[in-house]
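Here are my notes on this model, jotted down as I went through it. Have the structure open while you read.

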Amino acid sequence: MKSLDIHKSEYLKQFETQTYGRNLFRTQEEERLDAPNEECGIFGMYSDNDLDTFSLSQFGLFALQHRGQEACGISVLKNGRITNMKDEGLVLDVYKDIPDPETFMGNSAIGHTRYTTAGDKKKYNFQPFFAKNEYDQIILSIAHNGNLTNAKELKKELEAEGVVFRATSDSEVILRLIQKNLDLGLRGAIKVTMEKIEGAYSVVGMTRNKFFAFRDFNGIRPLVLGAIDEKSYVVASESVALDAVGAQYVRDILPGEIVYTNENEPGKLHSYMADEEKGKQRICSFEYIYFARPDSSLENINVYEIREKSGEKIWHQAPVDADVVIGVPDSGVPAAIGFAKASGIPFRPVLIKNRYIGRSFIVPTQEMRERVVNLKLNPIISEIKDKRVVIIDDSIVRGTTSKRLVKILKDAGVKEIHFRSVSPPIIAPCYLGIDTPSKDDLISANMTTAELRDYLGVDSLEFLSVENLKEILGSANHCFGCFTEQYPVGKGEEVELFN
C-alpha cells in the first residue's frame, strides 16, 4: 500500500502535463447540466523587453484550461500595434492554427479561456474583446472573468449615447465604458468604469502603450500577480499559470485595486486603489472546493490543503465504519486522502482514468453517453467487491451524476456505500460568474438530506457544513451565496443579459 504522501505527489504531478478534469464522471453534456461551471480563465503579461509572448501565453492559458474549454483567444502588443486572435476550441488546438507565430511575439499579451455564462456561443462573444479607432486600429483590448449584475441597464445607457455593441456579452460593457472615458487617462477611465459596474469581475487588458489589470471591490473572482524578473510581470486567474511561465508569485491583486504600467516609466508596475472604503475580501468559496486547480494558491491559501482538510473535517463531522475510501477524480481525490488520514480507513485509487480520452464522444443516445463515462473511468472491482465504501465527491448539484456513480459501485458488488460531499448543500444559483442550474434544478434545494440519501440509494449521506467550511478557510470573508442565498452584492437581473 502506497503512503498517502506518495498518492498526493502523483496526483498533483499529473496536472503539469495533462489538463485538470474536475469530475470525470460527468459527460460533456453534464458539465453544463449537473455541475457548477466557471466562466473563464484570464492571463496577462507585460515586459519592458520583448518576450516570447506566443509560447508563454500558450503555456499560461493551458494551465487555466479547466476554467473554460469552449474557446480561447489572445491579444498581443508589439511595437505599438495590438493583434488579436480567438477561436472555438481548446488552447492547444487554437494555437496550432495560428499560421505565423511571429505575429504574436511582443512585449505584452493577454489571453482568455472561455466558458459561457452571459451571452451566446457565437464567435463575436469570444474574448479578448477589442475596440478600434477610426483608422481600424485596435486601441484597447480586455479579457474578463466574472459576471456583471447591472450590465443590461448600462448597455441601454451607452446605446442611448450612440455606443455600438458588437457582442451579446456583459464583458463588452466593461470594454465600452473604458473606451468611452479614455480622455480621463487610462487609470481614470478604469476608475469610472469600476464605479458604474456591479457584480464580479477580474479584468486584464492593454492599450497601445499600457498594460493593466483590476478586480472588483469584493474580490469575488480570483486574480494573482507574479513576476518573471524586475521588469516583467504576469497576472492570471490562478497561480498555476504563473508556475507555467516561470514567474514567481508576488501577491493577489487586492479587491478594488488597479495595477497598470505607464509609458513614461517603462518596466514599472503601478498600483492604485479605486476606493479605499469599498474594498473588502469576499472571494468565492467554491474556488477552493471545486473550480481552482489543486496545485493553485488563492489569497495565499493552498487549494490542495483546503481540499484535504475538508476530507478530514467531514470525517470528524460524520464518522462511519468502512473498509475503503475512494475519491471521484480529479477534484474528490484530495478530500478522500484527507478522510483516510483522519479516519485510518485506507484510501484506494479505485477509479482508473483512461488518459487517452479527452472530450466526450458525439453519440446520439443517453445510454451510449453513459457508456462514455465507463471508458473514462473504470473501477477496480477486486478492491471494492463485498466491501463498505466511503465515496468522496466535491459536490452534488442535480444529483444525476452521483446517482449513476452509485449504480456503478453497486454493479461492482459494493456491500455498503457511504456518500460524503465536501461542499455544503448547494441551494441557490450563482449570479456572480458561475453557471449553476436554476433553484428548481438544484436537488438540495428541493430535497432534505434524508430524501436525497434515499434517491441516491446510499446507506448514508452527509454534506460538509457551512460552519466547518468557514473554519477550514480560516474566515467568513468569502462568498457563500450558493450555500446560503446571501450574496455580497445584489443579484441584479436574473434573466439572460441581452436576449
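1. Buried means under 20% relative accessible area (1.4 Å probe, protein chains only).

2. Keep in mind that this is a predicted model, where local features need pLDDT of at least 70, side-chain atom pairs count only at pLDDT 80 or more, and totals for chains, interfaces and linings use all residues. Residues are numbered from 1 along each chain as its sequence is written, and side-chain values use heavy atoms, with hydrogens and water left out.

3. The largest nonpolar core has 50 residues, and F286, F339, I392 and F483 touch the most other members. Among the elements giving it two or more residues are α1 (4–13), β21 (388–393) and α18 (481–484); α11 contributes the most, with six. Helices (H or I, at least four residues) and strands (E, at least two) are DSSP runs, numbered from the N terminus. Another core, of 30 residues, lies apart and includes A151 and Y260.

4. Overall, the chain has 18 helices and 25 strands, and 59% of its 499 residues are buried.

5. On confidence: pLDDT (the predictor's confidence in each residue, from 0 to 100) averages 89 over the chain, with 89% of residues scoring at least 70. It stays under 50 over residues 359–363, which have twelve contacts (heavy atoms within 4.5 Å) beyond four places in sequence. Residues 494–499 are also below 50, with 17 contacts beyond near neighbours in sequence.

Methods. Core = buried A, V, L, I, M, F, W, Y, C linked by side-chain atoms within 4.5 Å.
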